[in-house]
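I set out to record what I looked up in this structure, entry by entry.

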Amino acid sequence: QRAWKPTNETLVTMKVALLVSMLAGASAFGVAPAHTARFNTALRPAIPKEDQTAEKKEINDISDKWHEVRLLSREEAESTLDEEWLEAYNRFYKKYDEDMEHMTELAGKVAKILAPPLVKKKGLKQKKRDAFARKQARTGATAAAK
């Protein structure tokens, strides 16, 4: 009797069937997807200035002023800002600089973990030198034991 020989078509069909069955079996043990938060797409229009309360106007004025102050360079801030705004500016950028230093340190640590330095592969001559050193150590240890 002659043994059965699979053709290319049957091999491809078998591979596809195996792959589909593996995927179906693996998905049976998978975790159900978490419900994602739906974003509200409704527009939130700004209240016109004339309809705002005095408190809301004050908050908006302070917010607008901070948006301008935050973008100043350090020299511009020192020369143009009054004491209170300059203190807020310096406090903000001091915290910003501390956070950036901290994140730079963390990035360096994570980079070392993700891509550790590679040890150079030993060449054939180095392997032979190491083997010779091991052999010498063995013979020296046996000679000392006698």
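Entry 1: I looked up Asp97 and found it partly exposed, at 31% relative accessible area; buried means under 20%, exposed over 50% and partly exposed in between, with a 1.4 Å probe and protein chains only. I note that this is a predicted model, in which local features need pLDDT of at least 70 and side-chain atom pairs count only at pLDDT 80 or more, while totals for chains, interfaces and linings use all residues. Residues are numbered from 1 along each chain as its sequence is written, and side-chain values use heavy atoms, with hydrogens and water left out.

Which residue forms a salt bridge with Asp97? I found Arg74, with the closest N and O atoms 2.9 Å apart; a salt bridge is a side-chain nitrogen of Lys or Arg within 4 Å of a carboxyl oxygen of Asp or Glu. Arg74 lies in helix α3 and Asp97 in helix α4, so the pair ties together parts 23 residues apart in sequence. Helices are DSSP runs (H or I, at least four residues), as are strands (E, at least two), numbered from the N terminus. Arg74 is partly exposed, at 38% relative accessibility.

**Entry 2: other salt bridges.** I recorded five salt bridges in the structure. One of them joins Lys95 and Asp99, with the closest N and O atoms 3.2 Å apart. These two residues are four apart in helix α4, which means that about one helical turn separates Lys95 and Asp99. Another joins Asp130 and Lys122, at 2.6 Å between the closest N and O atoms.

Entry 3: In α4, I found Trp85, Leu86, Ala88, Tyr89 and Tyr93 buried. Their cover includes α2 (54-70) and α3 (74-80).

**Entry 4: outside the helices.** Is Trp4 buried or exposed? I found Trp4 exposed, because its relative accessibility is 63%. Trp4 is found in the segment before α1 (8-28).

Notes
Contact means heavy atoms within 4.5 Å.
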